[in-house]
Amino acid sequence: MAALFFWAAAGVAGLTVFIHVVLGGAKFVRPFLAVEMEPGLKWMAYLMWHLGTVSTLFIAAGFAAGALDPAHSDYAAIATAGAAGFVTVALFTAVKSDLSPRRFPVIPMFSLVTGLGLAGLFL
């Protein structure tokens, strides 16, 4: 049963990467790079964007490893903690910025990933 939840979590994380790269690249990255600002800040933000992509790929891989072999459920546990960390940081940022959490698509996507991971670990 755990494998089903881990595969679902890997799938949602993979879908998140796809949305992040395709839609995010068009709606955020390209317009952001066109803005005039201090180059160090601009390219640091660009780096952070790509670190988010790579981190999400690793989360998906951790769930896939846990789904393929129950002996690797520790990878799924780490992936679950990573997804929960993304939600926590996004919620903190929403509160700190006084923006609605609805402005942060990472919150519902990674809440779902976290829930699926927890289900796989504890059900």
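This section describes the fold, the core and selected residues of a predicted model.

The protein chain contains four helices and zero strands, and its elements run α-α-α-α from the N terminus on. Along the principal axes, the C-alpha trace spans about 50 × 25 × 20 Å. Of the 123 residues in the chain, 32% are buried. The chain exposes about 7600 Å², of which carbon and sulfur atoms supply 76%. When contacts between residues at least 6 apart in sequence are considered, 66% of them join residues at least 24 apart.

The largest nonpolar core comprises 17 residues, and those with the most contacts inside it are Phe6, Ala9, Ala13, Ile59, Phe63, Phe110 and Val113. Helices H1, H2, H3 and H4 each give two or more residues to this core. In soluble globular proteins, nonpolar side chains tend to be buried together.

Helix H2 covers residues 39-68. At 1.5 Å a residue, its 30 residues should span 44 Å, and the end C-alpha atoms are 43 Å apart, so the span agrees with expectation. The buried residues of H2 are Lys42, Trp49, Thr53, Thr56, Ile59, Ala60, Gly62, Phe63, Ala64, Ala65, Gly66 and Ala67. The cover over these buried positions includes H1, H3 and H4.

Ala61 and Trp7 are 54 residues apart along the chain, and their C-alpha atoms are separated by 9.9 Å.

Helix H4 is formed by residues 106-122 and has 17 residues. From its first C-alpha to its last, H4 reaches 24 Å, close to the 24 Å expected at 1.5 Å a residue. Ile107, Phe110, Val113, Thr114, Leu116, Gly117, Ala119 and Gly120 are buried in H4. What covers them includes helix H1 (2-34), helix H2 (39-68) and helix H3 (73-97).

On the surface, Leu15, Phe18, Ile19, Val21, Val22 and Leu23 form a nonpolar patch with about 530 Å² of accessible area together. Leu15 has its place in helix H1 and is partly exposed, with a relative accessible area of 45%. Ile19 also lies in helix H1; at 34% relative accessibility, Ile19 counts as partly exposed. With residues up to four places away in sequence not counted, Ile19 touches Gly24 and Met109. The C-alpha atoms of Ile19 and Val87 are separated by 17 Å, and these two residues are 68 residues apart along the chain.

The loop between H3 and H4 contains Asp98. The phi angle of Asp98 is near 60 degrees, a positive value in a residue other than glycine. Asp98 has a relative accessibility of 70%, over the 50% limit, and therefore counts as exposed.

Terms used:
Residues numbered from 1 in each chain as written. Predicted model: local features only at pLDDT ≥ 70, side-chain atom pairs only at ≥ 80, totals over all residues. Heavy atoms only, no water. Expected span 1.5 Å × (residues − 1). Buried < 20%, exposed > 50% of the residue type's maximum accessible area, 1.4 Å probe, protein only. Contact = heavy atoms within 4.5 Å. Patch = residues over 30% accessible without salt bridge, like charges linked within 9 Å, V, L, I, M, F, W, Y side chains within 5 Å. Areas by Shrake-Rupley, 256 points an atom, 1.4 Å probe, with all protein chains shown as cover. Salt bridge = Lys/Arg side-chain N within 4 Å of Asp/Glu carboxyl O. Core = buried A, V, L, I, M, F, W, Y, C linked by side-chain atoms within 4.5 Å.
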